[in-house]
Structures are given as structure tokens and as C-alpha cells.
There are 2 protein chains.
Amino acid sequence: MSDERIEAATANWAPRFTSQGVDPSDFGRITSGLERWEDWLDAWCANGDMHADLAREAEERGRLLSAGDAWVRAALSYHFAKFVWMVDLDKHRDASDRAVSAIRETHRLLDPTAERLEIPFEGAQMVANLRRPPGVERPPLVLLLPGLDSTKEEFFRWEDVFLARGMATVSLDGPGQGETGYHTHIRADYEVGPIALLDHLAGRSDLDLDLDRVGVVGVSLGGYYAPRTAAFEPRVKAVCAIGGAHSFGELIADRPSISRETFMHHSGAKDLDEAQAIANEMTLTGVLPKVTQPFLVIFGRQDRLVPYEHAERVAGEAPNAELVMYPEGNHVCNNIPYKYRPLAGDWMAEHLGEAAR
Amino acid sequence: MSDERIEAATANWAPRFTSQGVDPSDFGRITSGLERWEDWLDAWCANGDMHADLAREAEERGRLLSAGDAWVRAALSYHFAKFVWMVDLDKHRDASDRAVSAIRETHRLLDPTAERLEIPFEGAQMVANLRRPPGVERPPLVLLLPGLDSTKEEFFRWEDVFLARGMATVSLDGPGQGETGYHTHIRADYEVGPIALLDHLAGRSDLDLDLDRVGVVGVSLGGYYAPRTAAFEPRVKAVCAIGGAHSFGELIADRPSISRETFMHHSGAKDLDEAQAIANEMTLTGVLPKVTQPFLVIFGRQDRLVPYEHAERVAGEAPNAELVMYPEGNHVCNNIPYKYRPLAGDWMAEHLGEAAR
């Protein structure tokens with residue numbers, strides 16, 4: 001394994017793959033067999049196809065749980081095939097479409113109450129996946145926001161964390177993300193996406209969601225989007241940011257090349273100068289004082305993509321924030337998923353429960 | 001990492017840790033930080049203590065799901081601390097007791113219908129953990145048999161595979177295993193354990209188990225115990241062996257030293273000659289023709305602990321056996337858990353369902 005882009009992808013994100021549900025042996029086999037970054041997408045898509053074949057074979061035999069579980073793994077493989085891989089954008093799009101399709105199969109088999117939401121948004125459409133906790137009437141709702149290179153297809157097991165604690169989830173492809181990103185770009189005022197989503201849900205009383213108890217959780221760059229959403233959307237009652245930056249413009253120059261290329265792709269920047277200019281707008285300066293809701297900031301001091309001082313600034317400038325800094329945590333704390341995931345789920349359940357009183 | 005015993009433990013069993021529920025980052029951090037096999041137990045027990053602390057802290061805050069999940073991880077850490085570690089038998093026993101205690105906490109928090117069974121057995125007691133699938137009346141029952149170095153405390157997530165498919169489970173510490181092994185030794189006629197268990201359950205109609213639909217699944221050396229049980233116990237209606245040997249005596253000399261020491265400990269052999277003599281008795285020759293039940297043999301051709309030809313002999317000598325040989329599979333196929341685990345669960349559900357007609 002010699003290609004520095006493969007090194008960057010595995011060194012920065014390996015634990016993220018497994019905490020989202022990729023089998024560790026799959027991860028080891030695929031990445032150790034790669035020599036050129038150019039081959040990354042095909043290798044992961046082949047793994048996705050393998051799991052999709054397992055899914056189809058299981059379903060033919062009536063083994064529906066096994067089939068659904070296999071579709072989750074297929075979706076993750078297709079997703080991670082392209083997440084920071086911008087070598088061939090036709091292949092990127094094809095893998096994205098396959099991930100979307102795999103999650104639809106997952107929902108059909110594992111969670112028939114899941115619903116794909118297609119929301120008119122500035123002449124295009126914004127797409128999100130809604131799931132509801134079994135046996136809970138009028139549950140609170142948590143918006144799960146992806147970051148720079150994550151999408152709603154990465155979040156099936158992340159959604160489970162909140163569903164298991166009695167909350168409904170909407171994983172949102174916002175501006176510049178996933179399917180919505182087919183027609184939109186990253187923007188500093190990302191909150192327009194979640195606000196449009198909540199407006200849409202307000203007209204869907206048939207869903208039986210308690211929109212007086214809405215929380216927002218964002219990971220990585222979503223940790224910038226989440227407090228922005230809280231600042232400008234009073235329907236949000238609690239907010240959690242995990243691994244988020246205070247001011248993204250300070251970071252873009254030091255990113256691994258594959259991450260910078262990903263930002264350029266999703267932001268529509270024509271060159272590095274334009275990318276820097278867009279990133280410079282993405283700051284929480286002046287925004288955080290407006291985040292008056294309870295705000296949990298989770299961060300890992302060993303984060304190599306976002307210096308931990310960003311989290312200290314975020315928590316320091318918001319009036320109602322609590323900072324949980326894990327000394328051993330990496331980016332998004334995915335090397336200690338058993339700490340941050342239950343914490344985010346429990347904290348959100350407690351705060352959305354209280355909001356109902 | 002220089003100690004050949006650490007190398008042996010990680011090279012042969014790494015994927016087993018994660019497929020049973022150890023976090024891959026925990027595994028990497030602990031094993032890469034070790035230089036001497038002597039320190040293995042303390043390092044894993046410290047990890048168990050860390051998860052136990054997370055569990056207690058979560059429970060104090062009323063976060064019961066998080067607490068229960070943390071106890072599962074604590075149990076696995078304590079279990080793997082000692083599984084093939086025979087350096088200090090007092091420490092071995094202490095870690096075993098902590099694993100047992102952690103699983104009791106797990107049951108209390110995650111599965112209050114779980115029941116610890118203590119069965120009089122040849123002057124001592126045999127211990128097993130019963131769990132039942134939610135919402136299923138009079139479910140079929142699957143006995144889950146450990147092998148040389150596994151115990152019922154390793155099986156909480158393995159039990160979930162069968163519970164999710166509508167079957168009750170009993171994870172059994174049989175002769176020479178886990179708590180039962182405190183007072184008993186490995187024996188070639190292991191089936192006396194499962195038979196005593198089924199006799200005991202026959203007197204427990206309050207449990208509402210369908211004892212006309214009993215299956216047995218064994219992993220590793222349990223893949224020898226399972227067909228033995230089927231051969232001598234007609235109440236068993238279907239049997240599955242994963243990674244099992246045909247004749248253990250052929251293998252003991254080539255085992256890694258830590259595995260051989262583990263066999264000597266659990267068999268009570270005073271020296272290698274006696275260990276070899278005991279292992280020689282552990283053969284399925286002459287037994288397999290009696291296994292007339294449907295019999296699924298799952299095996300990985302890359303197994304370095306049991307040559308794959310053993311599985312071919314097992315399947316060839318049993319009248320009603322089906323062999324699934326995965327070309328890429330390692331010992332117990334734990335590098336492809338997403339293949340063998342759903343297969344074992346689905347196959348067993350289908351066969352125990354049919355037996356009910």
C-alpha cells in the first residue's frame with residue numbers, strides 16, 4: 001500500500017468504516033490489496049456487489065432479515081467507494097446511485113415504515129430518509145446531518161442509535177450532499193435545507209411526529225451545519241455537534257488532497273482560490289451566540305483533520321453549550337464509537353424528553 | 001509486538017474478537033501496545049474495567065440501554081483476557097468470574113427474561129444461559145456449544161443471531177468449559193452435558209420452550225461436540241458444526257503453544273502424552289453414521305487450526321450432511337461473519353420450523 005491517497009483515506013477514516021457497519025475483515029482485505037488510489041472505487045464496488053448478491057440470494061430463499069442486513073453492507077460499500085474519490089465522476093455517480101438503491105432495499109426488508117422524503121427545494125429536490133421507532137406514538141424527531149463526504153446512506157446504523165432510544169430520525173442529504181448534491185452545492189447557510197425539511201414535515205401530520213421536540217445532530221462538517229441550523233431555526237430544541245469545525249476556512253489548505261478535491265467537487269469551486277473563498281464563509285463567528293438551545297459539543301483531542309481548539313471555541317462562544325472532549329478520540333471519535341454514540345443518543349433523548357414537559 | 005504467543009493469538013483469532021462484538025479499535029490499540037504475552041490478561045482486563053465503568057456511569061444516569069451494551073463489551077474483554085492465557089491460574093479464574101458477572105449485568109439490563117440455569121451434574125453443577133425471543137410463544141430451542149477456549153460469556157451477540165430469527169437459545173458451559181470447567185474436564189463423550197441439560201429443561205414446562213424442536217450448533221471444538229450430541233440424543237432435530245475437527249488427536253501436536261496449554265488445562269492432562277491420549281479419544285469415527293438428523297457443516301478452506309479435509313470427512317461420513325466450504329474462510333469463518341452467521345441462523349430456523357409440522 002504505497003499511494004499516499006490510500007494512506008490518507010485509511011489513516012484518517014478506518015474506524016469510521018467499521019463504526020458505521022463495514023466488517024473489519026472486509027476493510028482490511030480491500031485496503032491491503034490496493035496499490036493505486038484509482039482502483040479504490042472498483043474494489044469497494046465489487047465488495048458492494050458481493051453483499052448485494054448475498055442479499056438477493058437470501059431473499060430468494062425467504063431469508064429476509066439476512067437479505068436486509070446484506071443490503072446495509074452493500075450500501076456502505078458503495079458509499080465508501082466514492083466518498084472522497086473524485087477520479088472519475090461518472091463512476092462516482094454510479095456508485096452513489098447504487099448506494100441509494102441499496103438503502104431502499106434495506107428499508108423494504110428491515111424497516112417498512114421507513115419513508116423516502118422528496119422535498120421541493122429551490123427548483124430541485126432535496127432527499128431525506130425518515131425512520132420511526134417501533135411502538136412509540138408521536139415520537140420526537142432527530143435530524144441527522146452528514147458532513148463533507150458522508151450522505152444519508154452511511155447512516156442506517158447511526159439512525160439505529162436514536163431509534164433504539166425512542167426517537168424518529170431523518171437523515172438529510174442537504175445542499176452539496178448525496179442525492180441533493182447532484183443539483184446543489186455546499187453553502188455556508190446550509191440551514192436553508194433543514195428549515196425547508198421542517199416546513200415540509202409540518203404539512204405531514206399523517207406522519208405523527210412531535211415537531212415540538214426536534215433535535216439536530218451533525219458529524220464532521222455536519223458539526224458546523226448543526227449549530228447553524230439551531231441558530232436560525234427555533235423549532236430545534238437541542239443540538240449536538242461531533243467533530244465539527246468552528247471556521248472551515250482555516251482548515252481547507254491543510255486537508256489531505258482527496259478531501260480538498262471532495263470539497264471542490266461539492267462546493268462547485270473552479271480552483272483552490274474559489275474553494276478557499278467559499279470555505280472562508282463557513283464560520284460560526286457571530287452565529288454561536290444565537291445558539292441558545294442546549295448544545296452538546298463532542299470532540300476528540302487526537303483529531304488530525306480539525307484541531308481540537310475549534311471545539312473549545314465553539315463551546316466557548318455558545319451560551320448554553322457543554323463540551324465533552326475525549327483525550328483519546330480521533331476525528332468524530334470513531335475510534336471510541338462506544339463512547340460518543342450512546343452519549344449523543346442518550347443526551348438527545350433526555351433533552352427532547354424534557355422539552356415535551 | 002514480538003512475542004510469538006501474542007502473534008499466535010492475534011493471527012489466529014483477530015476476526016473472532018470483532019465478530020463477537022469487540023470494537024476493532026479496542027483490539028488494535030490493545031494488541032499493538034503489548035510486547036509480552038504475560039501482559040495480555042491485564043491489558044484486556046483493564047479494557048473490561050473501562051467498559052464496566054462506562055456501564056456503571058450510564059446506569060447511574062438512567063441510561064440503561066447504554067449500560068447494558070457496555071456490560072456486553074466488558075464481558076467480552078474479561079473473557080478474551082483469559083481465553084487461551086494460562087500464565088497465572090488465579091488471574092485466569094478472576095477474569096472468568098468477572099466475565100460471568102458482567103453477563104449477569106447484561107441480562108439484567110438488556111434481557112430481563114434471560115435465565116441462568118444451574119443444573120446438577122455428576123456431583124457438581126453445570127451452568128448455562130437461557131434467552132428467549134421476544135413475542136414468540138413456545139419457541140424452538142438452539143443449544144449453542146462453545147469449543148476449547150470459548151464460553152457462554154462470548155456468545156451474547158451470537159445468541160442474538162438466533163433470537164432475531166425466532167428461536168430461544170441456551171449457551172452451555174459443558175464439561176471442561178467456563179464455569180462448569182471449574183469442576184470438570186474436557187471429555188470425549190461431551191454429550192452427557194447437553195443430555196443432562198435437556199433432561200433438566202424437560203422438567204421446566206414453565207419456560208414454555210418447544211422441546212420437540214431442539215437444534216445444536218457448535219463452533220470450533222464445539223463442532224466436534226455438536227454432532228456427538230446429535231448422535232446420542234434423539235431430541236436433537238438439526239445440527240450445525242462450524243470449524244469443527246473430525247479427529248482432534250491429529251491436531252493437538254501442531255497447535256500453537258497457547259492453544260495446547262489451554263487444552264492441557266481444561267482436560268486436566270498432566271503432560272503432553274496424557275493430553276495426546278485424551279485428544280485421541282475425541283474422534284467422530286464411528287459416531288457420524290449415527291447422526292441421521294439434517295446436519296450443516298460450515299467450514300473455511302483457509303483454516304490454519306483445523307485442516308479443511310476434516311470437514312470433508314465429517315460431511316462424508318454422516319448420512320444427512322450438507323457441507324458449505326467457503327474458499328476464503330478462516331477458522332470458524334470469522335473473517336466472513338456476514339456469511340456464516342446468517343446461514344447458521346436461517347438454516348436452523350428453517351429446519352426447526354419444519355420439524356414442527
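In S2(B), B:Leu130 is the bridge partner of B:Glu115. The model in which this pairing occurs is predicted. The pairing belongs to an antiparallel arrangement in which strand S1 (residues 115-121) of chain B and S2(B) are joined over seven bridges. S1(B) and S2(B) form a hairpin with two residues between them, and B:Glu122, located in the turn, has a positive phi of about 50 degrees. S2(B) is also joined by five bridges to strand S4 (residues 168-173) of chain B, again in the antiparallel sense. Within this second pairing, B:Ser171 in S4(B) is the bridge partner of B:Asn129. Strand S2 (residues 124-131) of chain B is mostly covered, six of its eight residues being buried.

Burial was also examined for a helical element of chain B. Helix H6 (residues 156-163) of chain B is largely enclosed by the rest of the structure, because six of its eight residues are buried. The buried positions in H6(B) are B:Phe156, B:Trp158, B:Glu159, B:Val161, B:Phe162 and B:Leu163.

The largest nonpolar core comprises 95 residues, of which B:Trp40, B:Leu197 and B:Phe263 touch the most other members. Helix H4 (residues 64-82) of chain B gives the most to this core, contributing ten residues. Both domain 1 (1-110) and domain 2 (113-357) of chain B are represented in the core, with at least three residues drawn from each. When residues up to four places away in sequence are not counted, B:Leu197 touches B:Leu117, B:Ile119, B:Met126, B:Ala128, B:Leu143, B:Val170 and B:Leu172. Another core, of 94 residues, lies apart from the largest one and includes A:Ala8, A:Ala52, A:Ala70 and A:Ile103.

The organisation of chain A was considered next. Its domain assignment gives domain 1 (1-110) and domain 2 (113-357). The centres of domain 1 of chain A and domain 2 of chain A, taken over C-alpha atoms, are separated by 23 Å. The contact between them takes 34 residues from domain 1 of chain A and 33 residues from domain 2 of chain A.

With regard to cysteines, the count of disulfides over all chains comes to zero. In chain A, the sulfur of A:Cys240 has its closest cysteine sulfur in A:Cys333, at 10 Å, and this distance is too far for a bond. A:Cys240 is buried, with a relative accessible area of 0%. In chain B, B:Cys240 is in no disulfide, and the nearest cysteine sulfur, that of B:Cys333, is 10 Å away. B:Cys240 is likewise buried, its relative accessible area being 0%.

Chain B is superposed on chain A by a rotation of 180 degrees with 0.0 Å of shift along its axis, giving an RMSD of 0.0 Å. The two copies are therefore related as by a two-fold rotation axis. In chain B, the C-alpha nearest the axis is that of B:Pro24, which lies 3.5 Å from it. The same surface serves both copies, as 100% of the contact residues of chain B recur in chain A.

Conventions:
Residues are numbered from 1 along each chain as its sequence is written. Chains are lettered from A and ligands numbered from 1 in the order in which they are written. This is a predicted model: local features need pLDDT of at least 70, side-chain atom pairs count only at pLDDT 80 or more; totals for chains, interfaces and linings use all residues. Side-chain values use heavy atoms; hydrogens and water are left out. Copies are superposed by least squares on the C-alpha atoms of residues with pLDDT of at least 70 in both. Contact means heavy atoms within 4.5 Å. Buried means under 20% relative accessible area, exposed over 50%, partly exposed in between (1.4 Å probe, protein chains only). Helices (H or I, at least four residues) and strands (E, at least two) are DSSP runs, numbered from the N terminus. A nonpolar core is a set of buried Ala, Val, Leu, Ile, Met, Phe, Trp, Tyr and Cys residues joined through side-chain atoms within 4.5 Å. Domain bounds come from an automatic or database domain assignment. A disulfide is a pair of cysteine sulfur atoms within 2.5 Å. Two strands pair if DSSP finds at least two bridges between them.
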